[in-house]
Amino acid sequence: MMHQSHQSHQSHQLQPVPPPTLPAAVPAVAVSDLTVAYREQPVLWDIDLHVPTGVLLAIVGPNGAGKTTLMKAVLGLVKPAAGQVAIFGAPYHQQRQRVGYVPQRGSVDWDFPTSVLDVVMMGRYGALGWFRRPGRNERDLALAALQQVKLEAYAARQISQLSGGQQQRVFLARALVQDADIYLMDEPFQGVDAVTERAIIELLRELRARGKTVVVVHHDLQTVPEYFDWVTLLNVRRIAHGPVAEVFTEANLSRTYGGRTTAMPSR
Amino acid sequence: MTSQQEVQLIAAVIAAACALPGVFLVLRRMAMMSDAISHTVLFGIVVGFLLTRDLGSPLLFLGAVLTGVLTVSLVELLNQTRLVKQDAAIGLVFPVLFSIAVILISRFAGNVHLDTDAVLLGELAYAPFDRVEWQGIDLGPRALLVGSGVLLFNLGFIGLFYKELKLATFDPALAATFGFLPVLLHYSLMVIVSVTAVAAFDAVGSILVIALMIAPPATAYLLTERLGTMLWLSMLIGVASALAGYWLAWVLDVSIAGSMATMTGVLFVGAFLFAPERGLVATAHRRTRQRWAFAQQLLVVHLHNHAGSSDEAEECSPAALHGHLRWSPDFAAQVLQRAERNGIVRRDAERLWLTEQGRKLAQGTGVGG
Amino acid sequence: MLEFFLSLWSSWGDYTIRMVALGAAVLGVISGVLGCYAVLRRQALLGDAMSHAALPGIVLAYLLFGTRDLGILLLGAAAAGWLAAFLLLSITRHTHLKEDTVLGLLLSVFFGFGMVLLAFAQKQPTAAQAGLSRFLFGQAATVVERDVLTMAGIGALALVLVALFWKEFKLLSFDPDYAATLGLPVRLLDVGLTSLIVVAVVVGLQMVGVVLMSAMLVAPAVAARQWTDRLGTMLLLAGLFGAVAGIVGAVLSASARGLSTGPMIVLSVSSIVLFSLLFAPRRGLVWHWFQRQRNARRLRWAMQHGDVPPSVPVMPPADAPPDPRIAEQKGASR
């Protein structure tokens, strides 16, 4: 209901009438004609992406391809030079509650004096609003999220005492506690051991089974077909975007990585 | 030489001497080390004085230099415990040494010429009266001799180890594999900074030492990225600030050190605004120029991406520029006009087409396509 | 020790000492609490730059309004400190200069300009300017009851703001990008928190002076961090350490001639830091040394007996700070 009213309200104010060629369902994430530039140097050129609801999507591409920038543009953290992003048909700032973000693990100081449970509760700060402190309800939600990532035993730990994989799972739990419909994750497999990687991918599949949409910036081409059902090949421009079976081809990969086909999952 | 000329000469020599190690401090992200060292050398001077009871003793100089190195070592020691981050370590170490120095002065050396105001500000105006004589011949003001000595020392050190310093600054790991001992170089550099700070400290006070070490290299860094150019440009800027500051102080009858520091700031603001490539004005100018070029590029890329797609008619229309690219109608119309004039886009009622030239442009920008 | 408390007790009767000690305690609480944010956000030296930058503000306020009123002078100081913080942000954004360079630049240029203005002020016929240079090294002895009340009022306001925006400031300090995705006005919060740090600096100028102010921000926070892993506890402890150091420093400085108050406060708080770095449980260096010794003993035992002793694993303690060099690497495990 809410969603519907958002939608119609939207189309008058901010969004032109959707073109008839779009699929009938509103895409979870719709990026259209997005260009991002740093100091007039394009980092992303005219990107179009429609991410349908309920898929596990990997964004892959070489270093400097603009993967993280694309994610930050979707989250409104960088200002685009042109184009727009819609989350379920509305701009990000109206849909914040429906988006959970998992930043790169290295983006924060893990020596910060705070506990695991505390970090996870931060996921509720947006919903809490000004001046209200997290209470029993937030605590229970956070503990439940920690249970999902199998870290409930670590709730009281100082965050610097965790291993890299555990830190990554704390960030996951923080996004889970937001109870979002879309999860955006920047390199969640970076520097985690094989067991954690398994656990994380299991969790992502569970999210998909519950109808959530998960977008992951990913590095390891080898695991793309196994882990994901959609893929975006990115190198400043959108090289290809669609179901893995259709677009994750040698030809597309070689276009993405500039002919260096050694990157192919053949090892 | 009149004492006025001598003051200017001293200021110029010290400014040049400070600029040289300052360049490496700025490039190695250790600018605040000059803040710490210029304050803590007081500790060395005081301890040296208490041991010798002689303000002219070379032991004071040695003590001050050793304190500079001690400061750096303490900061790194704290940093290595991983309990304290580097910036906090600097903020912890120098107030302690400075506090001890202040207390030592007021308790044991209160009646001596070592008052704390002079510590911050120096007494450049009196520098010509402290002269060195040798067998009855006047060799000149002590500050000038010391300053020149330090300047030559700095020039010599940087001249000798130019390529090692350069590599250790830009790629310490590679420097280490070449056997250049970055740690040794680092500490040598810190000794140089300390020696320079001590020499300058006496004449211009600790705050101007920071100004002369950091501001001219920062200004030069806005004008060039080449290390060699940056070194002589920093010296030039330092000398210019010193002389301009001297005359400003003379005209306004104010503190010489303060007005020199102010002039280093004025020159920096000048470069910040008007540097030929990096200045705010040049950047703003370039931005507007690039904005149109960029918008046209964006237009052709957009048209190219959607050529042959199912939504081609929708996307390749003037209306889409407003609706999809989020350009204002005015801006979109202007970009389109420019693109048409440049012969990269052809307009035909409500459809936009790329010309051959436009297609080439679209394929040339970025990767893939 | 007993002697110290006796002197504390007897000196408490003295009005000046009581005011100085109270003022120092208030400053210690404010700078201790707000310094935690400065240290955690790696802005430890911002306080140093801002305190130096405050000088031209103080003198300008005096020249413009012709008054020695502490409130007006401190407003000038706050304006200049705030301007320095703003310039730091805009210069680092518009150039490729690094933050430390810009800090050094602002600190020295602002201070130099302040000296130029001070020379003007000293040419004024009124003798009032004598009070201006007290900000250089601080002159705690000039603190009167009204000053202490002003400081306490400003401090209370700052602490109330910290309490009100507790979770926002915490998230801003830990993960500003994530805070922005949740819809927090990150820019505004940043400005607010920086302004509070300016307030702390300004309050301290009269007590400890320009040069030593940075220690009042950094030291209590660093000491407090060693004893706790919770932000709330850290802030409380830092405030406590700051207050204790303020009182101890003030009383000690009154106990003998030539012990200036500012430096004595700084030495007191630095002693707390040293003690904390050495002896704090779990993080302290001495604790770590004992830990290593014990591990070595266990290892020897294990090698002699061909087995580890029951229920004592040969491992670093689970709650020791992790060594980044042995962080798990996905690449290595394959």
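## Exercises on a predicted model

The largest cavity holds about 80 Å³ of space. The structure is a predicted model, and the exercises below refer to it.

**Exercise 1.** Determine which residues and which elements line the largest cavity, and how the lining divides by class.

*Solution.* 

Step 1. Begin with the search of the whole structure: 2 cavities of 30 Å³ or more are found.

Step 2. List the residues around the largest cavity. The lining consists of A:V29, A:V31, A:L49, A:V51, A:L57, A:I59, A:L70, A:M71, A:V74, A:L184 and A:V215.

Step 3. Assign them to elements. In chain A, β1 (29-38), β2 (41-51), β3 (56-60) and α2 (67-74) each give two or more residues to this lining. The largest share, 3 residues, is that of α2(A).

Step 4. Sort by class. The lining has 11 nonpolar residues, with no polar and no charged ones.

**Exercise 2.** Describe the interface of chain B and chain C by its area, its contacts and the elements on the chain B side.

*Solution.* 

Step 1. Count the residues in contact: 56 come from chain B and 55 from chain C.

Step 2. Take the area. The two chains, B and C, bury about 4,700 Å² between them, and 76% of it is on carbon and sulfur atoms. On the chain B side, B:M32, B:L83 and B:D87 supply 14% of the area buried against chain C, more than any other three residues.

Step 3. Look for polar links. Between chain B and chain C there are 0 salt bridges, whereas 8 residue pairs are in polar contact, both residues being at pLDDT 80 or more.

Step 4. Locate the chain B side in its elements. At least two residues each come from α1 (3-27), α2 (31-52), α4 (86-108), α5 (116-121), α9 (182-223) and α11 (256-274) of chain B. Of these, α4(B) gives the most, with 15 residues.

Step 5. Divide the chain B side by class: 34 residues are nonpolar, 12 polar and 10 charged.

**Exercise 3.** Explain why the salt bridge of A:R174 and C:D175 joins two chains.

*Solution.* 

Step 1. Take the total: over all chains, the structure holds 19 salt bridges.

Step 2. Find the pair. A:R174 forms a salt bridge with C:D175, and their closest N and O atoms are 2.9 Å apart.

Step 3. A:R174 lies in helix α7 (residues 164-176) of chain A, and C:D175 in the loop between α8 (166-174) and α9 (176-181) of chain C, so the pair joins two chains.

How values were computed:
Residues are numbered from 1 along each chain as its sequence is written. Chains are lettered from A and ligands numbered from 1 in the order in which they are written. This is a predicted model: local features need pLDDT of at least 70, side-chain atom pairs count only at pLDDT 80 or more; totals for chains, interfaces and linings use all residues. Side-chain values use heavy atoms; hydrogens and water are left out. On a 1 Å grid over the protein atoms alone, a cavity is a set of points where a 1.4 Å probe fits but cannot get out, and a pocket is an open set with protein on both sides within 12 Å along at least five of seven lines; lining residues have an atom within 4 Å of a point. Grid points are joined across faces, edges and corners, and a volume is the space filled by probe spheres set on the points. Helices (H or I, at least four residues) and strands (E, at least two) are DSSP runs, numbered from the N terminus. Ala, Val, Leu, Ile, Met, Phe, Trp, Tyr, Cys and Pro count as nonpolar, Asp, Glu, Lys and Arg as charged, and the others, Gly among them, as polar. Contact means heavy atoms within 4.5 Å. Buried area is the accessible area (1.4 Å probe) that two parts lose on being put together, summed over both. A salt bridge is a side-chain nitrogen of Lys or Arg within 4 Å of a carboxyl oxygen of Asp or Glu. A polar contact is a pair of N or O atoms within 3.5 Å; within protein, one must be able to donate a hydrogen and the other to accept it, and residues adjacent in sequence count only if both atoms are side-chain atoms.
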